[in-house]
Amino acid sequence: MFTLAEVASLSDIQPTYRILKPWWDVFMDYLAVVMLMVAIFAGTMQLTKDQVVCLPVLQSTVNSRVQPDTAGKADFTTVETTTGQEEASMRTVSFAPTVTPDVLLSRATSSQYQPTESDQELKKEQKDSSGRKTNLDFQQYVFINQMCYHLALPWYSKYFPYLVLIHTIILIVSSNFWFKYPKTCSKIEHFVSILGKCFESPWTTKALSETACEDSEENKQRLTGAQSLPKYVSTSSDEGSPSASTPMITKSGFKFSADKPMIEIPSVTILDKKDGEQAKALFEKVRKFRAHVEDSDLIYKLYVGQTVIKTVKFIFILCYTANFVNTISFEHICNPKVEHLIGYTQFECTHNMAYMLKKLLISYISLICVYGFICLYTLFWLFRIPLKEYSFEKVREESSFSDIPDVKNDFAFLLHMVDQYDQLYSKRFGVFLSEVSENKLRGISLNHEWTYEKLRQHVSRNAQDKQELHLFMLSGVPDAVFDLTDLDVLKLELIPEAKITAKISQMTNLQELHLYHCPAKVEQTAFSFLRDHLRCLHVKFTDVAEIPAWVYLLKTLRELYLIGNLNSENNKMIGLESLRELRHLKILHVKSNLTKIPPNITDVAPHLTKLVIHNDGTKLVVLNSLKKMTNVAELELQNCELERIPHAIFSLSNLQELDLKSNSIRTIEEIISFQHLKRLTCLKLWHNKIVSIPSSITHIKNLESLYLSNNKLETLPAAVFSLQKLRCLDVSYNSIAVIPVEIGLLQNLQHFHITGNKVDVLPKQLFKCVKLRTLSLGQNCITSIPDKVSQLLQLTYLELKGNCLDRLPATLGQCQLLRKSGLVVEDHLFDTLPSEVKEVLNQDTGIPFANGI
């Protein structure tokens, strides 16, 4: 037996999927229940009352039936003659006489044609009409009734209730199979769960409320805008539709910046943090569910299949039932072939349940016909429209969410089924398919989390002593950012939905903006502000298409840093032809994988003063465009796999600093051509493979800084020391063993770095460079430091760590500007100094040494 708990659990399943059951499914379920009741009722009656009653057919009766005047087929009264012995030995069973009108009429007719019949024969016939006794006892009647039930009664009369029960169960199973099939029930369960949460979500109500507010505001503008609004303000209804081609001048930008704060209602703008998190989770669930369900149409095929099965089942039942409906009757002839037991060969039987079963069968056929017509209607609905496509066009027209995408396959079919229940479900569900709605939710949640106070805590001072804010991996830009009016630098990194609103015009101190993998969109008012105030822009990207188009329209921009993939195939896509609009651009920094300098850079060449190209090891081949950059004062070509100094550089008459770091330069014989660069003061050839310095270096008369570290130099030629204006010489990490005595000629030398070489002796002429402030001698083979080190009165930094020293000279105390923080030696060497010298070096340690390196 079933317990009440089990039955209750079955009833709880139905409400879960009721939104996916259209009216025809619900109606067919009720029809199936009625058919089930018919089957149970028929089966119950058959179990309790089903039987047949049989009487033997006498031979005289059989003969009389052959005559055409025999009547009364509906009556089963039999007359038989028995011998006197049989009457004495067997009990008689008397039957009530039954005389039909046809019999009486025949008798009257026969009496007319036989008026001379004797009275004895008339009495005999009256005796026959009252019935004849049979020599069967009660047990024999029971036996023949049971036997003839199986022999004479048609199978359909016996099994009709069970057939109805089986058919009904098959129809019930086929109707709900798509809810139970493992590969569809999980999708249906998730869909119903998500749909219910979307319908009841506070965010859905808020989003639709905002839409209603927008619609009402637009209606007001339509009614009053013609008289109240100036002519230059657009009242077009498409203001809310952003344009992908011009992200910085979108119509939606103007509307958000001017109208939105005016129409928001406080009662609907506040969203609980918990509700916001639940809404974000719903957006993610909907996105994943859509990706999972849209790739197949199994649910649709299964529903069509079960509908076809029900239709075929209906046709089958109707066909065979129509043939057997007449087999259910009262009259049945039975020939049991048990004459040796009963004494009779033929029996006439009547089925007690024939009348009721026939009525139930007619009712069942009626129900099946209704069921079949509904199945045919379902097939008509399934194939009348493309159910594997679903359009939210009506929802888009009624709301401001114009980006709700159309869906397909099983996702579309489920929504079509839901529409049969209530179209409001689809409308509220469509909110969670809209990116605009999702972005609004992210904005609300973001503003709740990132308040003004929290952002103020993240503001720091950078190396240039500017107030800087770095936002990393947020869902958007919090509104409170634009309230930091004293901010100088704003860094936005990995914020895919960054939007700069008109409130940025409050940040009057903002001059530097960083966009790292952040294709930010700006409103019209915000763009106008950035165009007039922004001075420095850093853009880091993976693909060139990520560079916002409005970047090339910042006319007052001074510095532009582009970091990303700009290989030769994409050079034509860079869009640098638009750089001609950047009339005030002075510094262009490109960190990429270029094989040639893009020709479009020459559009901004006349006013560029600094060009920096950092390659990732890709060989820079074509450099002819450099000749046009006549105003470039600083040029950096780093990690470009250059093997020689490019000849195009020698045409840059205004060049002051050249940096060829991290290349593959082996020889610098072309250095003689630097004599044409009269303004060149700094030459950086570090991190190359240079083995020697040509004597022609003396032609660079104005050279002040020479960086040759991390090369393969073994000697320093005397020509280097003829550069009288040289203030900085860096030859660290080479293989130099001797410092030439000509170093004393460099009277203006202030910084000398020879760390990481093989020097073992310091020439006394080194200490004639009395202007030395930085002296790096670490990681050499020096065994002693001359006492003449005291002549370096301006020395602030002395590196001696990594040598073979056993003591330090006491004359270090006479270096008035040298402090312990600027003396880099081993601790045990510092302890060898006299106490008074250590006191001198230790004093005022909190004051930084002058100018540094």
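**Note on the structure**

1. Asp483 and Lys503 form a salt bridge, with 3.7 Å between the closest N and O atoms; the term denotes a side-chain nitrogen of Lys or Arg within 4 Å of a carboxyl oxygen of Asp or Glu. The pair links distant parts of the chain, 20 residues apart: Asp483 is in the loop between β7 (467-472) and β8 (489-493), and Lys503 is in the loop between β9 (499-500) and β10 (512-516). Asp483 is partly exposed at a relative accessible area of 29%, and Lys503 is partly exposed at 32%. Here buried means under 20% relative accessible area, exposed over 50%, and partly exposed in between (1.4 Å probe, protein chains only).

2. Basis of the values. The model is predicted, with local features requiring pLDDT of at least 70 and side-chain atom pairs counting only at pLDDT 80 or more, while totals for chains, interfaces and linings use all residues. Residues are numbered from 1 along each chain as its sequence is written, and side-chain values use heavy atoms, with hydrogens and water left out.

3. Overall composition. The protein has 26 helices and 24 strands, taken as DSSP runs numbered from the N terminus (helices: H or I, at least four residues; strands: E, at least two). Of its 853 residues, 46% are buried. Among contacts (heavy atoms within 4.5 Å) with a separation of 6 or more, 57% involve residues 24 or more positions apart. The accessible surface is about 42,900 Å², and carbon and sulfur atoms account for 55% of it; the areas come from the Shrake-Rupley method with a 1.4 Å probe, and for residues only the protein chains shown count as cover.

4. Annotated spans. An unreviewed UniProt entry places the feature "transmembrane region" at residues 27-47, 159-179 and 361-383. UniProt positions follow the numbering used here, feature names are shortened, and annotations may be inferred rather than shown by experiment. Residues 27-47 are 100% helix and 0% strand, with the end C-alpha atoms 30 Å apart. For residues 159-179 the composition is 95% helix and 0% strand, and the end C-alpha atoms lie 31 Å apart.

5. Nonpolar surface patch. Trp23, Phe27, Val370, Tyr377 and Phe380 make a nonpolar surface patch of about 500 Å². Patches are made of residues with over 30% relative accessible area and no salt bridge; like charges are joined within 9 Å, and nonpolar side chains (Val, Leu, Ile, Met, Phe, Trp, Tyr) within 5 Å. Helices α2 (23-49) and α18 (354-384) each supply at least two residues, and α18 gives the most, with three. Phe27 is placed in helix α2 and is partly exposed, with a relative accessible area of 38%.

6. Further salt bridges. The whole structure contains 19 salt bridges. One of them joins Glu657 to Lys684, the closest N and O atoms being 3.4 Å apart. This pair also links distant parts of the chain, with Glu657 in strand β17 (residues 657-659) and Lys684 in strand β18 (residues 682-684), 27 residues apart. Lys684 is buried, at 15% relative accessible area. In the salt bridge of Asp297 with Lys301 the N to O distance is 3.6 Å; Asp297 is buried at 14%, whereas Lys301 is exposed at 52%. Glu284, Arg287 and Lys288 are linked in a salt-bridge network.

7. Nonpolar cores. Which residues have the most contacts inside the largest nonpolar core? They are Phe674 and Phe752, in a core of 132 residues. Helix α24 (residues 524-533) gives the most to this core, with four residues. A separate core of 79 residues includes Leu208, Tyr320, Phe432 and Ile444. A nonpolar core is a set of buried Ala, Val, Leu, Ile, Met, Phe, Trp, Tyr and Cys residues joined through side-chain atoms within 4.5 Å. Leaving aside residues up to four places away in sequence, Phe674 touches Ile645, Ile649, Phe650, Leu658, Leu680, Leu683 and Ile700.

8. Leu494 is in the loop between β8 and β9 and is partly exposed at 34% relative accessibility. Glu641 is in the loop between β16 (634-638) and β17, and is partly exposed at 30%.
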